[in-house]
Amino acid sequence: MRVDGRAYRSIWLDPDGWSVQIIDQSRLPHRFDIVRLTSAAEAAEAIAGMQVRGAPLIGATAAYGLALGLRERPDDGGLAASIARLRATRPTAVNLQWALERVRRVVQDLPAGERAAAAYLEAEFIAREDVEQNRAIGEHGLTLIREMAERRNGAPVRVLTHCNAGWLATVDVGTATAPLYLAHDQGIPLHVWVGETRPRNQGGALTAWELGHEGIPHTVIVDNAGGHVMQRGEVDLCIVGTDRTTAAGDVANKIGTYLKALAAHDLGIPFYVASPSSSIDWTLGSGAHIPIEERAAREVSHLSGATASGDLATVQVTAPGSPVGNPAFDVTPARLITGLITERGVAPATLAGLAGLFPEMAGPLPGEAGKAPSVSVPE
Ligand code: MRU
C-alpha cells in the first residue's frame with residue numbers, strides 16, 4: 001500500500017541483501033519509523049513487543065527471523081535455538097508456528113552452509129504468497145460487499161471491523177480490509193465502523209490510519225459501542241480477521257471479537273471472518289484448545305498517545321495497585337460466523353465447509369475435550 005505516495009510492504013529485505021526492514025507499528029499513527037532487524041533475537045523482540053503484529057505478518061517476520069538466525073548459526077543446534085526463541089514470542093497466532101515449520105522443512109536436510117540462503121528464499125515465498133492470498137480474499141469478499149451495495153441502492157455499505165486486519169497486519173493488502181480497498185477502488189460507497197480495540201488500540205490507531213490514507217470514510221468507536229450501532233441498524237455486515245481458525249471453523253481473534261459476533265448474531269447481521277489458509281489450524285477440532293495469550297498488565301493500566309505538542313506520552317488510566325488481567329484474544333464459536341472468506345472462496349464455518357475448499361488438508365475432525373491454558377508471554 002502507499003504511504004505519502006510511496007509503496008510499502010510491512011516487511012522487506014534491506015538493499016544490503018540480508019537485514020530485514022519493518023515499520024515500527026508500536027509508534028503508529030504518530031510516528032512512521034522504519035526499523036532494521038539484524039538477528040533472530042531482534043526479530044523475536046519485534047514480534048513480542050508488537051513492533052510487528054497481526055497473524056500473517058508475525059509469520060513472515062518469524063520466517064525472516066529464522067533466516068537471520070541461520071546466518072549467525074546454521075548448525076542443527078542453532079536452527080533449534082532460533083525456532084524455539086521465535087516460537088515463544090506469541091502463542092495464539094498459528095501463522096507463527098506454520099511459517100517456522102515451513103522454513104524448517106526446507107532447510108533441515110541441507111548442508112549448514114546452504115541453510116541461510118534457502119531460508120531467506122522461503123521467507124520471501126511466504127511473504128509473496130501472503131500478498132497473493134490476501135488479493136484473492138479481497139476478490140471473494142468484494143462479491144459480498146457488491147451484493148450488499150445492490151441492496152443498499154446507492155447508499156454506503158456500512159461495515160464494522162475490529163482490531164487491525166489491514167495491510168499492516170499482513171505483508172500487504174490485509175485480510176478483512178482487502179475487500180474494502182477493492183470496493184473503494186471500484187467506486188462502491190462505504191462507511192467503516194472501526195472498533196478502537198483496547199487495550200492497544202489497533203483499530204483506532206492502525207486501521208483508522210490505513211483507511212484514512214486510502215480515503216475510505218470511517219468512524220472510530222469505542223469497543224463498547226459496537227452492539228449499539230448494530231442495534232440501531234447502522235451496520236450491514238461485519239468483517240474481522242483471525243489469529244487461528246480451527247478445522248471446525250471456530251475463530252480466535254483479538255479480544256472483543258466474540259462480543260461483536262454475539263451482537264451481530266442476535267440482530268441477524270452477517271458476520272464474516274477473513275481467514276487465509278495460513279491461519280487455519282487443521283490439528284484443532286475446537287476453539288477451546290486454542291492457547292490464549294495473556295499479555296502484560298501495563299497494556300491495560302496505561303495508555304500511550306501523542307500530546308497536543310506532538311510528543312509521545314504514556315499515562316496510567318487504572319487505579320494504582322488494582323490487579324489487571326489482559327487476555328489478548330477470545331474465541332468466536334463457528335455457530336456465530338456467517339462465513340470464512342478464504343483465498344479459495346467463502347466457506348461455511350464448518351469442517352465440511354473448509355474441507356470443500358481445502359480437500360488436501362482436511363482429515364477427520366480432531367478430538368474434543370479439554371481447554372487450552374492461558375499462556376503468559378514475557379513483558
Ligand atoms: O495482537 P495483534 O495486534 O497481533 O492481533 C491482531 C489480530 O487480532 C488480527 O485481527 C489478526 O491477527 C488477523 S490479521 C490479518
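## Ligand site and backbone features

The shell around the ligand is made up of seven nonpolar, seven polar and four charged residues; here Ala, Val, Leu, Ile, Met, Phe, Trp, Tyr, Cys and Pro count as nonpolar, Asp, Glu, Lys and Arg as charged, and the others, Gly among them, as polar. The model is predicted, so that local features need pLDDT of at least 70 and side-chain atom pairs pLDDT 80 or more, whereas totals for chains, interfaces and linings use all residues. Residues are numbered from 1 along each chain as its sequence is written, and side-chain values use heavy atoms, with hydrogens and water left out.

R90, Q202, D243, N253 and K254 come nearest among the 18 residues around the ligand, a residue being near if one of its heavy atoms lies within 4 Å.

On its own the ligand has 410 Å² of accessible area, and the protein covers 100% of it; areas come from the Shrake-Rupley method with a 1.4 Å probe. The ligand sits in the largest cavity. A cavity is a set of points, on a 1 Å grid over the protein atoms alone, where a 1.4 Å probe fits but cannot get out, and a molecule sits in it if more than half of its atoms lie within 2 Å of its grid points.

Helix 2 (55–72) and strand 11 (251–254) are the elements that give two or more residues to the shell; helices (H or I, at least four residues) and strands (E, at least two) are DSSP runs, numbered from the N terminus. Because domain 1 (2–129) and domain 2 (134–376) both give residues to this shell, the ligand lies between them; domain bounds come from an automatic or database assignment.

Some backbone features lie in loops. The cis peptide bond between L28 and P29 has omega of about 5°, and P29 is in the loop between strand 4 (20–23) and strand 5 (34–37).

Terms used
1 Å grid on protein atoms, 1.4 Å probe; cavity = no way out; pocket = protein on both sides within 12 Å on 5 of 7 lines; lining within 4 Å.
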